[in-house]
Amino acid sequence: MLISKIHELYGLEQLSSGDTCVHRLNPTAKLITTIAFILTVVSFNRYAIGSLIPFVFFPTILMALSDTPYLLLFKRFLIALPFCIFAGIANIVFDSGVATSLYGIDISYGTISFIAILLRAYLCVMSVMILISVTPLSEITNSLRCLRMPNLFVVIFEMVYRYFAVILDEANSMYVAYSLRSCRRRGIKMNDMGSFIGQLLLRSFDRAERVYSAMKCRGYAVGISSRKTKNWRWPDIAFCVTCCLAFVTLRVFNIKISFFY
């Protein structure tokens, strides 16, 4: 089961080897555009559902141009959905004032803010997932260094992303051993959960030391890019400038699509 989760975790990165017009764009241009998109989306107030709807076109068009399967990205978004629901469910309870009506049904401010939170999370998560699916991780980290991001942040990002699969692999090995010793009982008993997590932590530390030693033997150096950054071309500049101008225009003029009256 955990093995399949590991394959699902890095399934998006396998899509980054494609050869579409979006894949061929400069990774720094894609990163800047994604950051500008996220900053613009989160800058709206908590009731701005209509203002956020036009931004749906950005991930939709990119998925179509890059041949990225929508269901694969949507499944990744479902992982973050419970956190969004818990973050916004209290708004429905405490912000109960009637804001508008839809076909005779009263809609409270809390409901509008709850929907806005879900929509905002959907847009941000999908934009990041699309960036990962069309850009190799090494190019993303190189672009972060080109943008003068703190090297410590970039290294932690690289290590956490790469090492997460190693932790899952260790957990899978321990779970298989636990199942064989407990007559193939489903799940882990609560009495054994503490020792299981403790052993996983110790095994992870030991595995991390061996992984880091192997990386150093192969010439890994912290803060040195593994690949040269791509040069900017006119299509890269046009993509970045056009998208950023579109985001600014939607934000400044507050172009909205409203279903309420």
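This is a predicted model. Searching the whole structure turns up three salt bridges.

Let me start with Asp19, whose side chain meets that of Arg24 in a salt bridge, at 3.3 Å from N to O. Asp19 is exposed, since its relative accessibility is 61%. Arg24 has a relative accessible area of 42%, so Arg24 counts as partly exposed.

Next, Asp206 and Arg210. Their closest N and O atoms are 3.3 Å apart, and they form a salt bridge. Both residues belong to helix α10, residues 190-217, and they are four residues apart, about one turn of the helix. Asp206 is partly exposed at 44% relative accessibility, and Arg210 is partly exposed at 47%.

Then there is Arg233 with Asp236, a salt bridge with the closest N and O atoms 3.4 Å apart. Which of the classes does Asp236 fall in, buried or exposed? Asp236 is buried, because its relative accessibility is 1% and the cut-off for buried is under 20%. Arg233, at 40%, is partly exposed.

Now the helix pair. Helix α8 covers residues 137-146 and helix α9 covers residues 151-181; their axes come within 9 Å and cross at roughly 165°. Angles over 145 degrees count as roughly antiparallel, so that is how α8 and α9 run relative to each other. The crossing is right-handed.

On the α8 side, the contact uses Leu137, Thr141, Leu144 and Arg145. Their partners in α9 include Phe153, Val154, Phe157 and Tyr161. By class, this contact has seven nonpolar, two polar and three charged residues.

Terms used. Residues are numbered from 1 along each chain as its sequence is written. This is a predicted model: local features need pLDDT of at least 70, side-chain atom pairs count only at pLDDT 80 or more; totals for chains, interfaces and linings use all residues. Side-chain values use heavy atoms; hydrogens and water are left out. Axes are lines fitted to C-alpha atoms, for helices over the stretch in contact, and angles run from 0 to 180 degrees between N-to-C directions. Helices (H or I, at least four residues) and strands (E, at least two) are DSSP runs, numbered from the N terminus. Angles under 35 degrees count as roughly parallel, over 145 as roughly antiparallel, 65 to 115 as roughly perpendicular and the rest as oblique. A crossing is left-handed if the near helix is turned anticlockwise from the far one by less than a right angle, and right-handed if clockwise. Contact means heavy atoms within 4.5 Å. Ala, Val, Leu, Ile, Met, Phe, Trp, Tyr, Cys and Pro count as nonpolar, Asp, Glu, Lys and Arg as charged, and the others, Gly among them, as polar. A salt bridge is a side-chain nitrogen of Lys or Arg within 4 Å of a carboxyl oxygen of Asp or Glu. Buried means under 20% relative accessible area, exposed over 50%, partly exposed in between (1.4 Å probe, protein chains only).
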